[in-house]
Amino acid sequence: MSKTIFNLTLPVVVSCIEDVLETYPHHPYQQAFSIPDLRQELIAHVLSQVSNCYVVGEEGQQSYGNFQSLICAIKDKYCIEDLIRRGIDNIMYKREKQLSLQIPEAVDAGLAPSHWFG
């Protein structure tokens with residue numbers, strides 16, 4: 001069988017991004033980072049600032065369980081969550097105009113004209 005290189009850092013970063021985004025309000029943060037391009041930009045932002053860990057394994061094998069302690073060390077060592085929060089702030093600032101067009105303001109249903117007249 002042929003060998004394949006697995007990036008052990010990527011699944012940690014993706015998992016941490018999901019966890020961190022859950023702590024942010026749905027509008028506009030979770031909505032913004034549900035856009036694939038922005039999600040990829042955030043992942044790239046974090047991966048570019050940490051040392052990535054790789055392992056060589058058999059093609060088709062995706063056993064990250066054996067490397068759980070290494071993954072935990074990556075997470076703790078580089079404070080990935082802090083990098084994610086800074087990346088979120090940075091991207092939201094850079095893309096403010098674009099996001100205001102793509103993600104409309106949340107409107108209170110009680111303020112909609114259909115509710116004014118009964």
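The model is a predicted one, in which local features need pLDDT of at least 70 and side-chain atom pairs count only at pLDDT 80 or more, while totals for chains, interfaces and linings use all residues. Residues are numbered from 1 along each chain as its sequence is written, and side-chain values use heavy atoms, with hydrogens and water left out.

Taken as a whole, the chain has 118 residues, of which 29% count as buried; here buried means under 20% relative accessible area, exposed means over 50%, and partly exposed lies in between, with a 1.4 Å probe and protein chains only. The exposed surface comes to about 7,900 Å², and carbon and sulfur atoms supply 55% of that area. These areas come from the Shrake-Rupley method with a 1.4 Å probe, and for residues only the protein chains shown count as cover.

The largest nonpolar core holds 23 residues, and the members touching the most others are Phe33, Leu42, Ile80, Ile84 and Ile88. Such a core is a set of buried Ala, Val, Leu, Ile, Met, Phe, Trp, Tyr and Cys residues joined through side-chain atoms within 4.5 Å. Helix 1, helix 3 (36-47) and helix 5 are the elements that give two or more residues to this core.

Two of these helices also pack against each other. Helix 1 (residues 9-21) meets helix 5 (residues 80-94) at an angle of about 65 degrees, and their axes are 10 Å apart. The axes are lines fitted to C-alpha atoms, for helices over the stretch in contact, and the angles run from 0 to 180 degrees between N-to-C directions. From helix 1, the contact draws on Val12, Val13, Cys16, Ile17, Val20 and Leu21, and from helix 5 on Ile80, Glu81, Ile84, Arg85 and Ile88. By class, these residues are 9 nonpolar, no polar and 2 charged, where Ala, Val, Leu, Ile, Met, Phe, Trp, Tyr, Cys and Pro count as nonpolar, Asp, Glu, Lys and Arg as charged, and the others, Gly among them, as polar.

His45 sits in helix 3 and, leaving aside neighbours within four places in sequence, is in contact with Leu83, Arg86, Gly87 and Asn90. His45 and Ile88 are 43 residues apart in sequence, yet their C-alpha atoms lie 9.4 Å apart in space. Arg95, in the loop between helix 5 and helix 6 (96-102), touches Leu38 and Glu41 when residues up to four places away in sequence are not counted. The C-alpha atoms of Arg95 and Leu38 are 9.2 Å apart, against a separation of 57 residues in sequence. Arg95 is partly exposed, with a relative accessible area of 28%.

Other loops deserve a friendly mention too. Leu8, in the loop between strand 1 (3-7) and helix 1, counts as buried because its relative accessible area is 1%. A distance of 5.5 Å separates the C-alpha atoms of Leu8 and Tyr54, 46 residues apart along the chain. Ile35 occupies the loop between helix 2 and helix 3 and is partly exposed at 21% relative accessibility. Beyond its neighbours within four places in sequence, Ile35 is in contact with Leu99, Gln102 and Ile103.

Finally, the backbone holds a cis peptide bond between His27 and Pro28, with omega about 0 degrees. Pro28 belongs to helix 2 (residues 26-32).

Technical notes: Helix = DSSP H or I, 4+ residues; strand = E, 2+ residues; numbered from the N terminus. Contact = heavy atoms within 4.5 Å.
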